[in-house]
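Trainee: I'd like to learn how to read salt bridges in a protein model. Can we go through one together?

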Amino acid sequence: MREARRIVVKVGSSSLTTASGGLDADRVDALVDVLAKVRSGGEREIVLVSSGAIAAGLAPLGLRRRPKDLARQQAAASVGQGLLVARYTASFARYGVRVGQVLLTSDDMSRRAHHRNASRTLDKLLAMGAFPIVNENDTVATDEIRFGDNDRLAALVAHLVHADLLVLLSDVDGVYDGDPGKPGTSRIAEVRGPGDLSGVEIGSSGKAGVGTGGMVTKVEAARIAAAAGIPVVLTSAVHAADALTGQDTGTWFHPTGKRSADRLLWLQHASTPQGALTLDDGAVRAVVERRKSLLPAGIAAVEGEFSAGDPVELRDGAGHAVARGLVNFDAKEIPRLIGRSTRELAQELGPAYEREVVHRDDLVLLHP
């Protein structure tokens, strides 16, 4: 942790707001104090992924609790996002630091052109000495609001900016082997792989009731980042300084894999399949075991409406998703290709059809 030069820090709504909604200025200032001090030497760069827009908009709109309907969530986000970035701007101004706001959705992470633009913007903000604050664009987003994706977004941003460390801040100081509010449970200090958490029941919601993620999405985000070669510390916001200075705090997730191509990471974790292709047994073995491309001859069925370039699920005969990939044909073209060889298709339909339905370079395996 002490050697990490570029760090992504994610903070949840419950660490920034009151239970009734509205920003807690003291909590925001306390976090900013830590972040500004860490980057003050000029040797470390920090990107902050901050939740809190919806929660910050509750009290100003007279809402007593987080609404369940999407329209009022988006209205709260519209009001709260301005308040959130204004609070950060004022707090960082105490240190002479300028803030840059970056609003993203999963769609921005999954479309290649948007992905490149986001990467360039964040790199340039850091190079110019500004402090990037990333949030999901909750005013227009849908799935992101419903599933509390800021944890996953933080893992993807860490990969996007080539971070050396991801710090996930919550209202709980790590992963516990049981309910942390009950006696006899203990903090899990290190996670070296998925097996270290087998049998551990992880809570699905936060204590404060203003966020949506809870520990489940944080652990999943840690796994995503660790699989991409990025170490992760998961702890509480009050221990942020300890996490950023290498002290013993929270749960440390060791890297479990190596950095992959950007498009493969977003394909696996940020894309939304637009349809599905069912494969025969031979094609499943070719794709999963031999890491081959998917050819028309191996397709048994197609469902959904999609266009060439869209992400689709690849399923086995039992309906289990085994992979995800970018398809090279429109859904309406697939039925005439099913079960046929590329040579036969090229002779009948032309050379454009002598190609893979999903190329192996645009395909990722999905693990159970």
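Trainee: Which side chain does Glu45 meet in a salt bridge?

Mentor: Before that, some ground rules: this is a predicted model, where local features need pLDDT of at least 70, side-chain atom pairs count only at pLDDT 80 or more, and totals for chains, interfaces and linings use all residues. Residues are numbered from 1 along each chain as its sequence is written, and side-chain values use heavy atoms, leaving out hydrogens and water. A salt bridge is a side-chain nitrogen of Lys or Arg within 4 Å of a carboxyl oxygen of Asp or Glu. Here, Glu45 meets Arg5, at 3.5 Å from N to O. Glu45 sits in strand S2 (residues 45-50) and Arg5 in the segment before strand S1 (6-11), 40 residues apart. Helices (H or I, at least four residues) and strands (E, at least two) are DSSP runs, numbered from the N terminus.

Trainee: Is Glu45 buried or exposed?

Mentor: Buried means under 20% relative accessible area, exposed over 50%, and partly exposed in between (1.4 Å probe, protein chains only). Glu45 counts as buried because its relative accessibility is 15%, while Arg5, at 45%, is partly exposed.

Trainee: What does Asp123 form a salt bridge with?

Mentor: With Arg6, and their closest N and O atoms are 3.0 Å apart. Asp123 lies in helix H5 (residues 112-127) and Arg6 in strand S1, so this pair ties together parts 117 residues apart in sequence. Arg6 is buried at 15% relative accessibility. Salt bridges that share partners join Arg5, Arg6, Glu45 and Asp123 into one network.

Trainee: How many salt bridges does the structure hold?

Mentor: It holds 16.
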